[in-house]
Amino acid sequence: VMVTAVVGESTWPFGKAICTIAYNQLLGLGIEFSMTKFLVLGIPFSIIALILTPLMLKWVVKPDVTPYDRYDDAGVRARLKETPMSKSEIGIAILFVGLYIGFAIPGIIPSSLRLKNLGVGGISVLVACVGALIRVEGEPLVDLKNGLSKAPWRSALFLGCCFLFVSFFTGEAYGIKYFFAYLLKPITSSLSPVMLIAAGCIIATIGTNFLSNAVVTVACCAAVLPQLSAYNLGDNYLLTAGILIAFMANS
């Protein structure tokens, strides 16, 4: 279940940091497309991953699953039946559904400019504020005071900086993506487009063992996408490369 959730994290791009970074890199190359297309193109790779993952766990990785064997799932289900969700918990669940709808609408309906301009952060803040205004049994659905004090600000600042620096990696004026492409040119110039995409995926897979997956996504996209663009094979090759790099960095 945990590994399957990671595949879902890689496939569903709305509101996901790594997918958004790859999406912005592709936009920086002048490719205009919606998040919905990112999702549709990613689904076949997700199906392949969902087929391969159980086989990898069974024959290659072989994790210790004894804690799961001891897990009393029947007891947990019985307790959940005895104590059904409270009104507050139901309200929070509805808020979460609303949050993901807010993430998805700009990708599905491009004309929804107000939500698109809010961005992922703006939509999240908006939903949190709505939750703080709604009171159930005298208590707000979202306790902003305690929530803000417990928020992982270091992680938020780190991801914010990653998004900030994406513009420098993709901006024409800075030349960073061209630098990466030039740096790897001795290796990449002799590779076919398919092998170039494979190399980007392998670098992303190995790199995330040592570096942040956000940094690896930026570096791999900056190194692979401009070189791939030079082949003039059409946008689908670039989209596939960007999606697969994000997929491997996420995984």
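In this predicted model, serine 88 touches Val136 and Leu141, leaving aside residues up to four places away in sequence. Serine 88 itself sits in helix α6 and, at 26% relative accessibility, counts as partly exposed. For a sense of scale, take serine 88 and asparagine 232: the two are 144 residues apart in sequence, and their C-alpha atoms lie 54 Å apart in space.

Helix α6, which covers residues 87-108, also holds tyrosine 100 and phenylalanine 103. These two are three residues apart, so about one helical turn separates them.

A ring pair is described by the distance of the centres and the angle of the planes. The structure holds three aromatic pairs. In one of them, tryptophan 12 and phenylalanine 14, the ring centres are 4.8 Å apart with the planes at 65°, and since an angle over 60 degrees counts as edge-to-face, that is the label the pair gets. Tryptophan 12 is partly exposed at 31% relative accessibility, whereas phenylalanine 14 is buried at 3%. Tyrosine 100 and phenylalanine 103 form another pair, with centres 5.6 Å apart and planes at 85°, so this one is edge-to-face too.

Next comes helix α2, residues 17-28. Just after the helix, glycine 30 takes a positive phi of about 90°.

Helix packing is where α2 turns up again. Two packed helices are described by the angle between their axes and the distance between the axes. For α2 and α14 the angle is about 155° and the axes are 9 Å apart. An angle over 145 degrees counts as roughly antiparallel, so that is how α2 and α14 run relative to each other. Their crossing is right-handed. On the α2 side the contacts come from Ile18, Cys19, Ala22 and Leu26, and these meet Leu238, Leu239, Gly242, Ala246, Ala249 and Asn250 in α14.

Helix α14 (residues 235-250) also packs with α12 (residues 193-207): the axes come within 8 Å and cross at roughly 20°. Are α12 and α14 roughly parallel or antiparallel to each other? Angles under 35 degrees count as roughly parallel, so α12 and α14 fall into that class. Here as well, α12 passes α14 in a right-handed crossing. The residues of α12 that take part are Pro193, Ile197, Gly200, Cys201, Ala204 and Thr205; across from them in α14 are Tyr237, Ala241, Leu244, Ile245, Met248 and Ala249.

Threonine 217 ties into this part of the model. This residue is found in helix α13, residues 213-229, and its relative accessibility of 0% means that it counts as buried. Which residues does threonine 217 touch, not counting those up to four places away in sequence? The list is Ile18, Ile21, Ala22, Ile245 and Ala249. Of these, Ile18 and Ala22 in α2 also meet α14, while Ile245 and Ala249 in α14 also meet α12.

Lysine 62 has a positive phi of about 50° although it is not a glycine. It lies in the loop between α3 (35-61) and α4 (66-69) and is exposed, at 56% relative accessibility. Glutamate 137, likewise not a glycine, has a positive phi of about 55°. This glutamate lies in the loop between β1 (135-136) and β2 (139-140), and its 66% relative accessibility makes glutamate 137 exposed.

Technical notes
Residues are numbered from 1 along each chain as its sequence is written. This is a predicted model: local features need pLDDT of at least 70, side-chain atom pairs count only at pLDDT 80 or more; totals for chains, interfaces and linings use all residues. Side-chain values use heavy atoms; hydrogens and water are left out. Rings of Phe, Tyr and Trp (its six-membered ring) pair if their centres lie within 6.5 Å; planes under 30 degrees apart count as stacked, over 60 as edge-to-face and the rest as tilted. Buried means under 20% relative accessible area, exposed over 50%, partly exposed in between (1.4 Å probe, protein chains only). Helices (H or I, at least four residues) and strands (E, at least two) are DSSP runs, numbered from the N terminus. Axes are lines fitted to C-alpha atoms, for helices over the stretch in contact, and angles run from 0 to 180 degrees between N-to-C directions. Angles under 35 degrees count as roughly parallel, over 145 as roughly antiparallel, 65 to 115 as roughly perpendicular and the rest as oblique. A crossing is left-handed if the near helix is turned anticlockwise from the far one by less than a right angle, and right-handed if clockwise. Contact means heavy atoms within 4.5 Å.
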